[in-house]
Amino acid sequence: MNASIILSMAGGLGLFLFGMRVMSDSIEKVAGAKLRRILEIFTTNRFSGMVVGVVFTAIIQSSSACTAMVVSFVNAGLMNLYQAAGVIFGANIGTTVTSQLVSFNLSAYAPVFLLAGVLVAMFCKHEKVKKFADIIIGFGILFLGLSTMSSSMAGMKEEPQVVNLIGSLHNPVMATLMGLVLTTVIQSSSVTVSIVLLLANQDLLSLSIALYIILGCNIGACTTALLASLSGKKDAKRAALIHFWFNVIGTVVLYAILFLAEGPVMKLIWSISSDNGRFVANAHTMIKIFQVIILFPFSGWIVKLSCLCVPGEDEKVNYRESYQLKYIGDKVVFNPATAVVEVIKELDRMASLASENLTRAMNALITLDEEDIREVYEVEKNINFLNHAITDYLVKINQTTLPIEDLKSLGALFHVVNDIERIGDHAENVADAARQRRETGLTISREAQRELGELLDMVIRLIRYSIDMFARSDESHMQDVIALEDSVDIKEKEMQRAHVERLTKGECTPEAGMMFSDIASGLERVADHATNIAFAVIAAERDVEDV
């Protein structure tokens, strides 16, 4: 074969893959956070999940990305396997949008898309608009690659050895294996089907064999999710297997249908197709829709089959006592689109530990229970571990291609993890005071105990409201937080005045009075940290709106 044809084909494929990646990544950056929220909200049942899967994959142009995100959602406990099944089924239909676009032969407009995208990227300063420009540039590069590949394939028609080689592909099993291997290597069924479409357009590939290559592409498309799930929990592996079994079972059924009635199937697809390219695109879409129609009623069985393939439960870990991350880390599937969600869940857990530890320390201050004091110190070590581990993870994901909204919220997350760690430090300070009381016999009056208990109740409520706002991006408690923070300030000042009065009357010793004053001031500072956490939500959202 002429070397120039090979180079042209390779260059076109490279442009196509690069354009696909640029377009998909840019769409995820612009709309990834919104699409993620749609996945969270509208996947309450399998049917709505399927619809969301279709729309989601049609937008980001990648069923692999959608399925990998679903796997990470399942891994983080944000979605169960039955919800995941619906989204995965829908993603298989949504992925056919790419081949439909390719079949309309928009290559002639590729230079227009490229020029428009480059001009906007060069002269526009608005970050989100520049990301939209990247989408347009990716779209233009994609079709420029298609045009290059199509031209090189036209040259292949003049090469007898190429025509004979491709024409000799008559075995359906070999065609399926070829589609499987190509898709596994390229990591995109859309790209493989597009290549098949171009070959069919140039009459280099028979349409019947194209059907079998498409079936192989379906199975090869499972590779990305299967690889992503390897480091995850068992449910993540099961979610990837749902995708795998859906495509394998669907392929077997279609094999049987084509074996019995290949002619009528070909006539049906051709009846709605105007040329070979449209035939391949329509075949891809119809195969996927047919698979969903016949397998959707049995999605529960496919979930059970995946559970049989991956039996048992994950090892139970006491995350309160062990220095381990629960939602991020080595045992969690990493996906840029869900990384921030997982960090927020980890911070929610860390905040619960800090809040409970503060209550434990205050109880120990009164009861002088040595076991409680020791537990405060142990939990504080765990909180310090989480502080460093989460901060390191935030630095790591800051270097990835996060959605714009998530990227803008990273600053707030750094502040939140620091505020939670400071709350933990105040609990340790109270434990130090409890140990001092135990060793020296210092007494705290009942009135002082009552005041500290009232202030603690207010602070714990404030922490709960703040973390609830932060974890759910819900501003409904904002007024409660503001009112409680003001009340804590007033209460702390009243307590300090009452404390001075007790000192002047000789009702408590100076040492006990100093301890009381320090603890009251510490609780007031805890309230400040909790308020910072609540306001971090608003600051992050305003940053996003300004983009």
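**Notebook: a chain of helices**

**Entry 1. Overall make-up.** I counted the secondary structure of the chain and found 21 helices and 0 strands. Here helices (H or I, at least four residues) and strands (E, at least two) are DSSP runs, numbered from the N terminus. I note that this is a predicted model, in which local features need pLDDT of at least 70 and side-chain atom pairs count only at pLDDT 80 or more, while totals for chains, interfaces and linings use all residues. Residues are numbered from 1 along each chain as its sequence is written, and side-chain values use heavy atoms, with hydrogens and water left out.

Entry 2. I looked up how much of the chain is buried: 54% of its 547 residues. Buried means under 20% relative accessible area, exposed means over 50%, and partly exposed lies in between (1.4 Å probe, protein chains only). I then took the contacts (heavy atoms within 4.5 Å). Of those between residues at least 6 apart in sequence, 81% join residues at least 24 apart. The chain exposes about 24000 Å², and carbon and sulfur atoms supply 61% of this area. Accessible areas come from the Shrake-Rupley method with a 1.4 Å probe; for residues, only the protein chains shown count as cover.

Entry 3. I examined α16, which covers residues 336-367 and has 32 residues. From first C-alpha to last it reaches 47 Å, close to the 46 Å expected at 1.5 Å a residue; the expected span is 1.5 Å times one less than the number of residues. Is α16 enclosed or open? I found 23 of its 32 residues buried, so the helix is largely enclosed by the rest of the structure. L368 follows α16 and is found in the loop between α16 and α17. Its phi is positive, about 60°, although L368 is not a glycine.

Entry 4. I recorded 11 salt bridges in the structure, each a side-chain nitrogen of Lys or Arg within 4 Å of a carboxyl oxygen of Asp or Glu. Side chains of opposite charge can pair when their charged atoms come close. One of the bridges joins R238 and D235, with the closest N and O atoms 2.8 Å apart. Both residues lie in helix α13 (residues 234-271), 3 residues apart, and are thus separated by about one helical turn. R238 is buried at a relative accessible area of 6%, whereas D235 is partly exposed at 30%.

I also looked at D425 and R422, whose closest N and O atoms are 2.7 Å apart in their salt bridge. These two lie in helix α18, 3 residues apart, about one turn of the helix. D425 counts as buried at 15% relative accessibility, and R422 as partly exposed at 31%.

Entry 5. Which residue does R435 pair with? The partner is E370, with the closest N and O atoms 2.5 Å apart. R435 lies in helix α18 (residues 404-440) and E370 in helix α17 (residues 370-397), so the pair ties together parts that are 65 residues apart in sequence. R435 is partly exposed, with a relative accessible area of 25%.

**Entry 6. A nonpolar patch.** I found a nonpolar surface patch of about 520 Å² made by L115, V118, L119, M122 and F123. Patches are made of residues with over 30% relative accessible area and no salt bridge; like charges are joined within 9 Å, nonpolar side chains (Val, Leu, Ile, Met, Phe, Trp, Tyr) within 5 Å. F123 belongs to helix α6 (residues 110-123) and is exposed, with a relative accessible area of 62%.
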